[in-house]
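Hello,

Here is the structure I promised to pass on to you. Please open it alongside this email, and then read my notes below.

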Amino acid sequence: MVNQEAVTLDDCIQHAKEVLNEQISHIKSKRYDFAPQFKEMTIQLYLVGVMWQFYEKHDSAEIAREKAFSTLCSMMIKDGIKPKRAQKQVDFLKKMSSLEDGDDALAIAIGHESKPGDESLAEIFDHYVDEVGVSGSLWRHYDLGKKIILFGGLLTGFAGVWFVTIFMPESSDIFILAFGLLTAFLFVFSVSLIGLLIYRIKFKKRKHSETTAAAKVK
């Protein structure tokens, strides 16, 4: 029985990979621009749905759904991800797999209903194409902002320490450190504020325009 379960697990992983390879070939030409974290989560939830469907041929629906998550964890470990990290990701996916009303999330539901040769993964991504919050553009701005804040804050802090050391040599070590931290804080605060303003002006305005356009169409 143990051997049979191991064989079934391997068959499920192989099936999921074949489905994923087929679906990836459908979306390559679409050039979706999503945040990497969102894209990874969506694909993983989709695979859980595919595995859930696979296990329903062997078990009840409730057991099959739970087995799908454990199999995804095994798949991630086989692909080289550390067990603790894989389990943590699967626990996160379990939380994201259900909506507040108890229904399954879109990605897992469509994966569960997918059929050979369809474009179900593209159907999921098409649903989120106009969602600003998961766009690759927003993620790139956020990632760049983090780097600017980190390195800029460090450089500004060092500059503040250097300024006090050169022009106010009688200052105490505590004052020098405090001044460096203050200059770093002011830089981080100002850059963060500018980033929020850019987000509100560029992304919020874009979302409002799209919502207004959609309302006019209706």
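What follows is a short tour of some helix contacts, one arginine and the aromatic rings.

First, some housekeeping. This is a predicted model, in which local features need pLDDT of at least 70, side-chain atom pairs count only at pLDDT 80 or more, and totals for chains, interfaces and linings use all residues. Residues are numbered from 1 along each chain as its sequence is written, and side-chain values use heavy atoms, with hydrogens and water left out.

Helices (H or I, at least four residues) are DSSP runs numbered from the N terminus; strands (E) need at least two residues. Two packed helices are described by the angle between their axes and the distance between the axes. The axes are lines fitted to C-alpha atoms, for helices over the stretch in contact, and angles run from 0 to 180 degrees between N-to-C directions.

Let's begin with H2 and H6. Helix H2 (residues 36–55) packs on helix H6 (residues 120–128) at an angle of about 140 degrees, and their axes are 11 Å apart. That makes H2 oblique to H6 (under 35 degrees is roughly parallel, over 145 roughly antiparallel, 65 to 115 roughly perpendicular, and the rest oblique). On the H2 side, the contact (heavy atoms within 4.5 Å) is made by Phe38, Lys39, Thr42, Ile43 and Tyr46, and on the H6 side by Ser120, Leu121, Ile124, Phe125 and Tyr128. By class, this contact of H2 with H6 has seven nonpolar, two polar and one charged residues (Ala, Val, Leu, Ile, Met, Phe, Trp, Tyr, Cys and Pro count as nonpolar, Asp, Glu, Lys and Arg as charged, and the others, Gly among them, as polar).

H6 also meets helix H5 (residues 106–113): the axes come within 9 Å and cross at roughly 155 degrees. H5 and H6 are therefore roughly antiparallel to each other. Here Leu106, Ala107 and Ile110 of H5 meet Ser120, Glu123, Ile124, His127 and Tyr128 of H6. The residues of this contact divide into five nonpolar, two polar and one charged.

H2 and H5 meet as well, with axes that come within 7 Å and cross at roughly 35 degrees. Among the residues in that contact are Trp52 of H2 and Ile108 of H5.

Which residues does Arg65 touch, beyond those up to four places away in sequence? They are Trp52, Ser97, Ser98, Asp104 and Ile108. Arg65 sits in helix H3 (residues 61–78), and its side chain makes a polar contact with the side chain of Asp104 (2.8 Å). A polar contact is a pair of N or O atoms within 3.5 Å; within protein, one must be able to donate a hydrogen and the other to accept it, and residues adjacent in sequence count only if both atoms are side-chain atoms.

Finally, the rings. Rings of Phe, Tyr and Trp (its six-membered ring) pair if their centres lie within 6.5 Å, with planes under 30 degrees apart counted as stacked, over 60 as edge-to-face and the rest as tilted. By this rule there are 11 aromatic pairs. In one of them, the rings of Phe163 and Phe167 have centres 4.9 Å apart and planes at 40 degrees, so the pair is tilted.

Best wishes
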